Amino acid sequence: MDRRANAKWIYAIAVVLIITNAASGFGGDKPDNSSRRTLMTGDPDSDSNCCQSWRFFCGCNNMVKTTQHKYEHIFPIRTRRNTVELYFNVKADRDANLAFYAEGRKLAYEIILGAKYNTLSSIRKGVGDNVEYAELLLADVVSPNEWRQFWIEITNETVKVGRKYDENVFLELKNVTNVPVKDYSVAGWADNNVLWSLPCIHENDFSW
C-alpha cells in the first residue's frame with residue numbers, strides 16, 4: 001500500500017473518531033460518570049449492597065476508616081437551596097462521630113451516633129457554656145456487622161438526622177443559631193474502628 005493510500009485510511013479513521021466524540025457530547029446535562037474523582041483510597045471492606053438509591057452514591061464513594069476521636073480528613077459538603085445535605089453509610093460498634101465546620105474551620109456542630117456503647121445519639125452545637133444540644137436514648141443505632149444508612153439535613157434553624165430504612169427523623173435540634181456550614185469530617189472514639197462510605201465529589205458538580 002503506497003503513502004497516498006495510507007493517508008486516505010488515516011484521514012478516514014480521524015473523521016470517524018471526530019464524529020464519535022461529537023455524538024457522545026449530546027444528551028443534555030446528564031453528568032458524565034467517567035469524571036468521578038475519589039478523594040481517598042478505597043478500603044477493601046466494601047459492600048456493593050450498602051447503597052439503595054442515588055443519594056448514597058452507589059459506585060462512587062470514599063471508603064474511610066477512622067479510629068479515635070480525631071477529625072483528620074476534611075471534606076466539602078453539599079448545599080442545595082440553602083440546605084446542607086449529607087447522605088452516608090457507616091459500619092461501627094459504637095461512636096460514629098461527625099463534625100461540621102463553618103468558615104475558617106470553626107466547629108459548628110457535632111453529631112454522635114451510638115455513644116455510650118451504642119445506646120445514645122446526640123447533636124451538639126457550640127462549645128463551653130453556650131452549648132445547644134439534643135439527645136436520644138436509642139439502642140443499636142449503628143452496627144459493626146452491617147452498613148447502616150443515614151442522612152443529615154442542616155437548615156437555618158434546624159439540624160435533622162434520619163435513617164434511610166425508615167426515612168424518618170429520629171434526632172433533631174431546633175431553633176439553633178444559624179451557622180453556615182462549609183465542610184465536614186468524621187471520626188471514631190477511643191480504639192473503636194468506624195468504617196464510612198461517604199459521597200464522592202464530581203468534578204462537574206458545581207454545587208460543591
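Start with the open sheet of six strands, whose order is E3-E13-E6-E7-E8-E9 and whose pairing is antiparallel; strands here are DSSP runs of E with at least two residues, helices are runs of H or I with at least four residues, and both are numbered from the N terminus. Two strands count as paired if DSSP finds at least two bridges between them. Select strand E3 (75-76) and strand E9 (132-137), which stand at the edges with a single partner strand each, so that one side of each is left without a neighbour in the sheet.

The model on the screen is predicted, so local features need pLDDT of at least 70 and side-chain atom pairs count only at pLDDT 80 or more, while totals for chains, interfaces and linings use all residues. To find your way, note that residues are numbered from 1 along each chain as its sequence is written, and that side-chain values use heavy atoms, with hydrogens and water left out.

**Across the sheet**

Select strand E6 (residues 96-102) together with strand E13 (residues 183-187), and you have two antiparallel strands joined by five bridges. Within this pairing, Phe 100 has Tyr 184 in E13 as its bridge partner.

On to E9: E8 is joined to E9 by six bridges, and the two run antiparallel, with Leu 120 having Leu 137 in E9 as its bridge partner. With E8 still selected, colour by accessibility, where buried means under 20% relative accessible area, exposed means over 50%, and partly exposed lies in between (1.4 Å probe, protein chains only). Five of the six residues of E8 are buried, so this strand is largely enclosed by the rest of the structure.

**Salt bridges**

Show the charged side chains now, taking a salt bridge to be a side-chain nitrogen of Lys or Arg within 4 Å of a carboxyl oxygen of Asp or Glu; by this rule the count comes to eight.

Select Glu 110 and Arg 124, whose side chains meet in a salt bridge with an N to O distance of 2.5 Å. Glu 110 lies in strand E7 (residues 106-114) and Arg 124 in strand E8 (residues 120-125), so the pair ties together parts that are 14 residues apart in sequence. Glu 110 is buried at 5% relative accessible area, whereas Arg 124 is partly exposed at 37%.

A further salt bridge brings together the side chains of Lys 125 and Glu 132, at 3.6 Å from N to O; here Lys 125 is buried at 10% relative accessibility and Glu 132 is partly exposed at 23%. Select also Arg 94, Asp 95 and Asp 191, which are joined into one network by salt bridges that share partners.

**Aromatic rings**

Which residues form one aromatic cluster? Select Phe 88, Phe 150, Phe 170 and Trp 196 to see it. Rings of Phe, Tyr and Trp (its six-membered ring) pair if their centres lie within 6.5 Å, and planes under 30 degrees apart count as stacked, over 60 as edge-to-face and the rest as tilted. The structure holds five aromatic pairs, one of them the tilted pair of Phe 150 and Phe 170, with 6.3 Å from centre to centre and 55° between the planes. This pair links distant parts of the chain, since Phe 150 is in strand E10 (residues 148-154) and Phe 170 is in strand E12 (residues 169-174), 20 residues apart. Phe 150 is buried at 0% relative accessible area, and Phe 170 counts as buried at 14%.

**Two asparagines to finish**

Most residues other than glycine have a negative phi. Select Asn 82, where phi is positive, near 65°; this residue is in the loop between strand E4 (78-80) and strand E5 (83-92), and at 64% relative accessibility Asn 82 counts as exposed. Then select Asn 118, which also is not a glycine and has a positive phi of about 65°. Asn 118 lies in helix H2 (residues 115-118) and is buried, with a relative accessible area of 5%.
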